[in-house]
Amino acid sequence: MSSVKGHYKLMEKTVTGKCINQLWSVLLPISLFLFMSALFFDFSGLKHGILVSFSAKAPKNSGQIRPAVVDECVGKYIYVHRLPSRFNDDLLKNCHAINRWYDICEFLENSGLGPLLSNSGNADDFPNNIWFATDQFVLEVIFRTRMKQYKCLTNDSAMASAVYVPFYAGLEICRHLWGFNASVRDAAAYDLIKFLVVQPEWKRMGGKDHFLVVGRVTWDFRRMPHNESFWGSYFLRLPESQNMTILGIESSHGADNDFGVPYPTYFHPSHDSEVFDWQNRMRRKRRQFLYSFAGADRPQDGGSIRGKIMSQCRESGDKCKLLDCDPGKNNCKTVNVMKMFQNSSFCLQPPGDSFTRRSTFDSILAGCIPVFFHPVSAYRQYLWHLPKEHKKYSVFIRMDYLREGLINIEKVLLGISEERMLAMREEVISLIPKIIYANPSSKLETIEDAFDISIREVLHRIEEMRRVG
């Protein structure tokens, strides 16, 4: 009997040993797999303890290192306020009521670029599909359309570095500039502020991370306090508005939250090559006239120098080209002005209704060196887009010297050496990408245009305010 028990014990040991060996043969590979998986597992896929994605890290020496994912939008995210439609879209729907002097509706086509500019004469003058009859007061619409294509938009305002307010302030005030009392002119501005200040986005920084674009000169929104008979609205003098960063075609150089950005030109390229081609065309252009001026006299304005400029231009004979833009003469069509600028070495830019002129940017686009008569016309305006060393790209002549007959424009310009003039022209041509707004339907690849520069500088300004508290 004992021998039988011994036999069974021996068999039990043998079977147990075999089972253990078989078990280890299974467990050992599994353990090794689990160990290696844990070693190379990417735990970034875990969220709140739940696996939402899986990837295995390659060993460092495998030559298959997975590149780290870099968020290119960190510090660049922008949140766009969803305003009631009365502040933007409804204005476009009722565009016939915006301007009492002309119908602006056709100029709101093509996302604010306006209708395509018809090419009269040489097809090289204005290549198709990149030249538009753009109104000078529609920047708000162009800018908002470009914002819709901005690559770092976010629906989470907590992630945003800046908040864009898509209010068409210029189109709105234009409806009420003539023949309306101050209460009507101010109504939309007060309603907008009332909407903004109760939003959670405003409460974070009191509106200091907000920005908006106004498509008219700053004085249309800066009526003097306690005088309702003065021009314009009170919008930009409101304390809440002064917390926001304001971009406009003409800024108030006395306000530290107000920044000038280029007027829209007629040139809206879709590809980098179109910009480079245009720049090269302007380099090759033969300039027939020493200087030129497009504008109307302002005899009713005792401080205007335009009459003096036009008189000196006529006296210069074939050295100066004059386009008299008196409304009754219909001389200053887009094609006529741009062709004249392309054929001129210097383009005169005196103040008009305000210090700045869209013509400044038309002349730069044509490779024509601008001549200024007041520092606020450019030097204290477009700090983000034009060089600080203004002598590199422009000429300055004092208004009072010209008014008093102490200076001759032709002699000043003839006194500039050809070498210096060519260097200045090259500087002007190099500025072309910085003062244009590309077509929103496409995207320039290597070029920063006026929109890109403006957004970059707004983000930088807001970040600086956030840093200093």
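Ser 161 touches Gly 75, Lys 76, Tyr 77, Asp 209, Leu 459, Ile 462 and Arg 466, residues up to four places away in sequence not being counted; contact here means heavy atoms within 4.5 Å. The model is a predicted one, in which local features need pLDDT of at least 70 and side-chain atom pairs count only at pLDDT 80 or more, while totals for chains, interfaces and linings use all residues. Residues are numbered from 1 along each chain as its sequence is written, and side-chain values use heavy atoms, with hydrogens and water left out.

Ser 161 itself sits in the loop between helix H3 (139-148) and strand S4 (162-164). Helices (H or I, at least four residues) and strands (E, at least two) are DSSP runs, numbered from the N terminus. With a relative accessible area of 11%, Ser 161 is buried; buried means under 20% relative accessible area, exposed over 50%, and partly exposed in between, for a 1.4 Å probe and protein chains only.

Leaving aside neighbours within four places in sequence, Asn 155 is in contact with Tyr 79 and Arg 82. For Asn 155 and Tyr 79, which are 76 residues apart along the chain, the separation of the C-alpha atoms is 6.2 Å.

Turning to the protein as a whole, the secondary structure comprises 14 helices and 12 strands. Of the 469 residues, 49% are buried. Among contacts with a separation of 6 or more, 71% are accounted for by residues 24 or more positions apart.

Two helix pairs deserve a look. Two packed helices are described by the angle between their axes and the distance between the axes. Axes are lines fitted to C-alpha atoms, for helices over the stretch in contact, and angles run from 0 to 180 degrees between N-to-C directions. H3 and H14 pack at an angle of about 75°, their axes lying 11 Å apart. H3 is therefore roughly perpendicular to H14, given that angles under 35 degrees count as roughly parallel, over 145 as roughly antiparallel, 65 to 115 as roughly perpendicular and the rest as oblique. Phe 143, Arg 146 and Met 147 of H3 meet Phe 451, Asp 452, Ser 454 and Ile 455 of H14 in this contact. These residues divide into four nonpolar, one polar and two charged, where Ala, Val, Leu, Ile, Met, Phe, Trp, Tyr, Cys and Pro count as nonpolar, Asp, Glu, Lys and Arg as charged, and the others, Gly among them, as polar.

In the second pair, helix H7 (residues 272-284) and helix H13 (residues 418-430) pack at about 160°, with axes 10 Å apart. H7 and H13 are therefore roughly antiparallel to each other. Gln 279, Met 282 and Arg 283 of H7 and Glu 426, Ile 429 and Ser 430 of H13 make the contact. The residues of the contact of H7 with H13 comprise two nonpolar, two polar and two charged.

Ser 316, in the loop between helix H8 (306-315) and strand S9 (320-324), is buried, with a relative accessible area of 9%. Apart from residues up to four places away in sequence, Ser 316 touches Tyr 291 and Glu 410. Asn 110 lies in the loop between helix H2 (89-93) and H3, and its phi is near 50°, a positive value in a residue other than glycine. Asn 110 is partly exposed, with a relative accessible area of 41%. Ser 111, in the loop between H2 and H3, has a positive phi of about 60° although it is not a glycine. At 34% relative accessibility, Ser 111 counts as partly exposed.
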